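Here are my notes on the model, as numbered points. Please read them with the coordinates open.

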Amino acid sequence: MTERIFNFSAGPAVLPVPVLEKAREEMLSLPGVGMSVMEISHRSKTFDAIHQSAKAGLKELLGIPDGYHVLFLQGGASLQFSMVPLNFLRDGGSSDYVLTGSWGKKAVKEAKKHGAVSVAADMADSRYNRVPAQDELKLDPAAAYVHITSNETIEGVEWKEDPQTGDVPLVCDASSDICSRPVDVSKYALIYAGAQKNLGPSGVTVVILRDDLLQKIPDGLDTMLDYRTHAQADSLYNTPNTWGIYILDLVCKWMREQGGLDAIHRRNEEKARKIYEAIDATAFYRGHAAREARSNMNITFRLPSEELEKKFAAEATGQRLDGLKGHRSVGGIRASIYNAFPVEGVDALVQFMREFERANG
Ligand SMILES: *Cc1c(COP(=O)(O)O)cnc(C)c1O
């Protein structure tokens, strides 16, 4: 097969075609180098240029102010579930977690191994279909940090406004919506994201960390689990995922060519709107997320029965619309439409939804 299909996978996910083409072009030899990026030292001048460019790309796109480190770590967002409490939840301290879905629950599970966790809000009662309003948050002004998940990938629920946490550092798992829209980084103490949804391949995790947090880290942590190690070594304490950083750099350049995050956000809103309109147009499809918390990245909906959902996903795959089956934990259908997902694929899905209802409704 040489023709690409429409890839609705939640992650690893679709990458921009120009990025893949560029990587193919440079696979055997980076210009003037005679080797691929995977074959050169992570301490070489060539890789240093790629690494610094990737950092600068993220800084420019997200408007990351001075006073933040941009780190490229490994272990996925899942390791950050542990590293955040390990580094910042010191003896006697407490943390506040806001639960808006499945990933936040996983983050809590790890945090509890390191210290006191208070759930500042849990949207379980509404089946994780919305985010809490500011006045629903039970925040402890003495907490070490507040943790949120900006976009719950499995439920398809996204924060539209940053919560107010006063002087308490705000930590965000932004794995599935980083760089999908502009963000005021200065409101956050730490943002982390596995790259494989919006930024590149799996195996590289972006951590954007405010410098003053480094002072709060207790001594004696395992070297690789201590943020100071990676901040001091500029992510080169050990061998980073050089290939992942290279692709991430190409994705940043592609995002800049798309007009930056304002333009990308507009396109994402437009793509998501088309699918939500198709859902709202009929009672055959039922969206999971409450309107005001609908994700622009992961669109979750149900059909009248599980049999129909299975049929829907299978027939869609037959029509080159792949990866629409919902997460095994919640079922239903999930259309993940990250930055690189083309609008033509959205139109094809909307068309398919109409036809499927006509034949099965
Ligand atoms: C995918 C995802 C994760 C897990 O990421 P890994 O890199 O596989 O550890 C965590 N949080 C969110 C919000 C995700 O979408």
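**Notes on the predicted model**

1. Start with K311. K311 is partly exposed, at 37% relative accessible area. Here buried means under 20% relative accessible area, exposed means over 50%, and partly exposed lies in between, with a 1.4 Å probe and protein chains only. K311 pairs with E315 in a salt bridge, 3.9 Å from N to O. The term stands for a side-chain nitrogen of Lys or Arg within 4 Å of a carboxyl oxygen of Asp or Glu. Both residues sit in helix α8, four residues apart, about one turn of the helix. E315 is also partly exposed, at 33%.

2. Ground rules. This is a predicted model; local features need pLDDT of at least 70, side-chain atom pairs count only at pLDDT 80 or more, and totals for chains, interfaces and linings use all residues. Residues are numbered from 1 along each chain as its sequence is written, and side-chain values use heavy atoms, with hydrogens and water left out.

3. Overall form. The protein chain has nine helices and 14 strands. Helices (H or I, at least four residues) and strands (E, at least two) are DSSP runs, numbered from the N terminus. The C-alpha trace spans about 65 × 55 × 30 Å along its principal axes. The radius of gyration is 21 Å, which agrees with the value near 21 Å for a compact globule of 361 residues. That radius is taken over C-alpha atoms, and the globule rule is 2.2 Å times the number of residues to the power 0.38. Of the 361 residues, 55% count as buried.

4. Salt bridges. How many salt bridges does a search of the whole structure find? The search gives 21. Side chains of opposite charge can pair when their charged atoms come close. One of these pairs is R130 with E136, where the closest N and O atoms are 2.8 Å apart. R130 is partly exposed at 25% relative accessibility. E136 is partly exposed too, at 29%.

5. A pair in α6. K253 forms a salt bridge with D249, with the closest N and O atoms 3.1 Å apart. Both lie in helix α6, four residues apart, about one turn of the helix. Are the two partners buried or exposed? K253 counts as partly exposed because its relative accessibility is 37%. D249 counts as buried because its value is 4%.

6. A network. E158, K160, D177 and R181 are linked by salt bridges into a network. Check these four side chains together.

7. Positive patch. K106, K109, K310, K325 and R328 gather on the surface as a patch of positive charge. Patches are made of residues with over 30% relative accessible area and no salt bridge; like charges are joined within 9 Å, and nonpolar side chains (Val, Leu, Ile, Met, Phe, Trp, Tyr) within 5 Å. Lys and Arg count as positive and Asp and Glu as negative; His and the chain ends are not counted. The place of a charge is NZ of Lys, CZ of Arg, CG of Asp or CD of Glu. K106 belongs to helix α4, residues 102-111. K106 is partly exposed, with a relative accessible area of 45%.

8. Nonpolar patch. M27, L28 and M38 form a nonpolar patch on the surface, with about 330 Å² of accessible area together. Accessible areas come from the Shrake-Rupley method with a 1.4 Å probe; for residues, only the protein chains shown count as cover. L28 lies in the loop between α1 and α2 (45-62). L28 counts as exposed, at 72% relative accessibility.

9. Backbone points to inspect. Most residues other than glycine have a negative phi, and most peptide bonds are trans. The peptide bond from G11 to P12 is cis, with omega near -10°. P12 is in the loop between β1 (6-7) and α1 (17-25). R320 is not a glycine, yet has a positive phi of about 70°. R320 lies in the loop between α8 (306-318) and β13 (321-322), and is partly exposed at 33%.

10. D234. D234 also is not a glycine and has a positive phi, of about 50°. Where does D234 lie? D234 is in the loop between α5 (227-232) and α6 (242-257). At 24% relative accessibility, D234 counts as partly exposed. The C-alpha atoms of D234 and V70 are separated by 8.3 Å, although the two residues are 164 residues apart along the chain.
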